[in-house]
Amino acid sequence: MAYTNIRYSVMLNDAQYDYLLDKSQEIDRMMCFRTFLKMAVMVQTKVEKKNFSAVLQPGQLMASKVELSNLWQCNRKTATRIVREFNQMGFLHSEPSNRTTIHMLKCLSEWVTDEETVENSFFDNNPMVMPIGKQDKDVHVPPVTKGEPTENDNATPLTPAVTSVSDDDGKSEEKNDAGRPSEASVEGKEERVAEPPFPSRLEDAPMGQDAIPRQSTCQKTVATDITKPKQQVLPIWQTTEGNGQ
């Protein structure tokens, strides 16, 4: 019997609708669902294949993964995944055999036609739906190479270790790991000015213009603070020149 003006009475929940309407997949799931609706038989039908035959009841269809991949223009791996997900979402119940696979529509309650209404005995009004979650993609973190800033670049620099080093005269001087004098050692030094040799007796000191000895050209001054004015230390005997002694 041929039916005209066929309508499908399909009952879906929110999870099933969201699955079918997901357009981010490599294959149109709504197109796959429509294929199962069109292939399901409305009357009892006997089907035969090579070395295989079966009698399909209303609501059943027979299709192998190879046939589905040809209809959907996809590979067999994708067709196999769609059939597995449709079973998981409660659209189908598939029973594979050694030749093909028989599928039963569980979300179709009946067909409404101009001639009569045909019920589906495999309809399940409360299917056990297991939503399929999307797999998270792995985030690739490139390794840190030399020259790239790291988290420790903004950290507080460590103070170099300070050690004490003694010179030949027995004087000790603090130095850091880089072999340079420490800041505390430099700050502790006072400005030194070369002094002329002090005479053993006051009467042996020269008088007149030669009373003030010239500074040696080898004078070495260690300046630690440029803000301090330089002070020249005068000998005691120089202060008596004004008295003419």
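Reader: Buried or exposed: what does R81 count as?
Author: R81 has a relative accessibility of 18%. The cut-offs are under 20% relative accessible area for buried, over 50% for exposed, and partly exposed in between (1.4 Å probe, protein chains only). With its 18%, R81 counts as buried.

Reader: Before we go on, what kind of model is this?
Author: Residues are numbered from 1 along each chain as its sequence is written, and side-chain values use heavy atoms, with hydrogens and water left out. Local features need pLDDT of at least 70, side-chain atom pairs count only at pLDDT 80 or more, and totals for chains, interfaces and linings use all residues, for this is a predicted model.

Reader: Which residue does R81 meet in a salt bridge?
Author: A salt bridge here is a side-chain nitrogen of Lys or Arg within 4 Å of a carboxyl oxygen of Asp or Glu. The partner of R81 sits 3.0 Å away, N to O.

Reader: Which residues are joined into one network with E26 and R81?
Author: Some salt bridges share partners. Those shared partners bring E26 and R81 together with D22, R29 and E85.

Reader: What else is buried in α4, and what covers it?
Author: Besides R81, the buried residues of α4 include T78, A79, I82, V83, E85 and F86. Their cover includes α1, α2, α3 (65–72), β5 (92–96) and β6 (101–105).

Reader: What is the centre-to-centre distance between F36 and F86?
Author: Rings of Phe, Tyr and Trp (its six-membered ring) pair if their centres lie within 6.5 Å; planes under 30 degrees apart are stacked, over 60 edge-to-face, and the rest tilted. F36 and F86 have 55 degrees between their planes, which makes a tilted pair, and their centres are 5.5 Å apart.

Reader: Which residues do ring pairs link into a cluster?
Author: The structure has six aromatic pairs. Ring pairs connect F36 and F86 with Y19, F33, W72 and F91.

Reader: How far apart in sequence are the parts that R7 and D114 tie together?
Author: R7 and D114 meet through their side chains in a salt bridge of 3.3 Å, N to O. R7 lies in strand β1 (residues 7–10) and D114 in the loop between β7 (108–112) and β8 (117–119), so the distance along the sequence is 107 residues.

Reader: Which residues does T100 contact, leaving aside neighbours within four places in sequence?
Author: T100 is in the loop between β5 and β6, and with a relative accessible area of 3% this residue is buried. Contact means heavy atoms within 4.5 Å. The partners of T100 are K49, F52, M62, A63 and S64.

Notes: Helix = DSSP H or I, 4+ residues; strand = E, 2+ residues; numbered from the N terminus.
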